[in-house]
Amino acid sequence: MVSELFEAEFRHRSPKGYMALHRAVGGYFLERVDDPREAHPERAANELLLLHRAGPLTARTAGVPAATLPLLSGRHPPTTAGC
C-alpha cells in the first residue's frame, strides 16, 4: 500500500523522472530475462509484471493458470517499444 502511494506521488510530481526510472528498471529486468546465463529468468519476468502491475496485461494474465503460460526461452527479439 505504501509503495503504491509513493509510486503515485512520484508519477504525479515528476512524470519525466517516473518514466525514466520505469524504463531503467524495466530495461534491467528485460536484460535478465534475455540473458542465457540468468539462472532464474522467470523471476525477472515476474518483476516485469510487478513493474507493470497497473497495466492491462497484468489484469488479463491474473486469472491464467501458471501451467498454461509459455516457458521463458531467453531467445526472443529485442523490444523497441520501451517499458
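**Burial.** I began with accessibility: of the 83 residues in the protein chain, 18% are buried. Buried here means under 20% relative accessible area, exposed means over 50%, and partly exposed lies in between (1.4 Å probe, protein chains only).

**Ground rules.** I noted that this is a predicted model, where local features need pLDDT of at least 70 and side-chain atom pairs count only at pLDDT 80 or more, while totals for chains, interfaces and linings use all residues. Residues are numbered from 1 along each chain as its sequence is written, and side-chain values use heavy atoms, with hydrogens and water left out.

**Fold.** I counted four helices and zero strands in the protein chain. Along the sequence the pattern reads α-α-α-α. Helices (H or I, at least four residues) and strands (E, at least two) are DSSP runs, numbered from the N terminus.

**Core.** Which residues form the largest nonpolar core? I found five: F29, V33, A44, A45 and L48. Helices α2 (15-34) and α3 (41-51) each supply at least two residues of this core, and α3 gives the most, with three. A nonpolar core is a set of buried Ala, Val, Leu, Ile, Met, Phe, Trp, Tyr and Cys residues joined through side-chain atoms within 4.5 Å. As background, nonpolar side chains in soluble globular proteins tend to be buried together.

**Salt bridges.** I looked up how many the structure holds, and there are five. The criterion is a side-chain nitrogen of Lys or Arg within 4 Å of a carboxyl oxygen of Asp or Glu.

One of them pairs the side chains of R11 and E7, at 3.9 Å from N to O. Both residues lie in helix α1 (residues 2-13), four residues apart, about one turn of the helix. Is E7 buried or exposed? E7 is buried, because its relative accessible area is 19%. R11 is partly exposed, with 39%.

Next I followed R32. Its side chain meets that of D35 in a salt bridge of 3.4 Å, N to O, and R32 also bridges to E38, with the closest N and O atoms 3.4 Å apart. Salt bridges that share partners join R32, D35, R37 and E38 into one network. D35 sits in the loop between α2 and α3, and D35 counts as buried because its relative accessible area is 14%. E38 is partly exposed at 27%. I also logged a polar contact of 3.4 Å between the side chains of D35 and R32; that term means a pair of N or O atoms within 3.5 Å where, within protein, one must be able to donate a hydrogen and the other to accept it, and residues adjacent in sequence count only if both atoms are side-chain atoms.

**V25.** I placed V25 in helix α2 and found V25 partly exposed, with a relative accessible area of 28%. The C-alpha atoms of V25 and E47 are separated by 9.3 Å, and the two residues are 22 apart along the chain.
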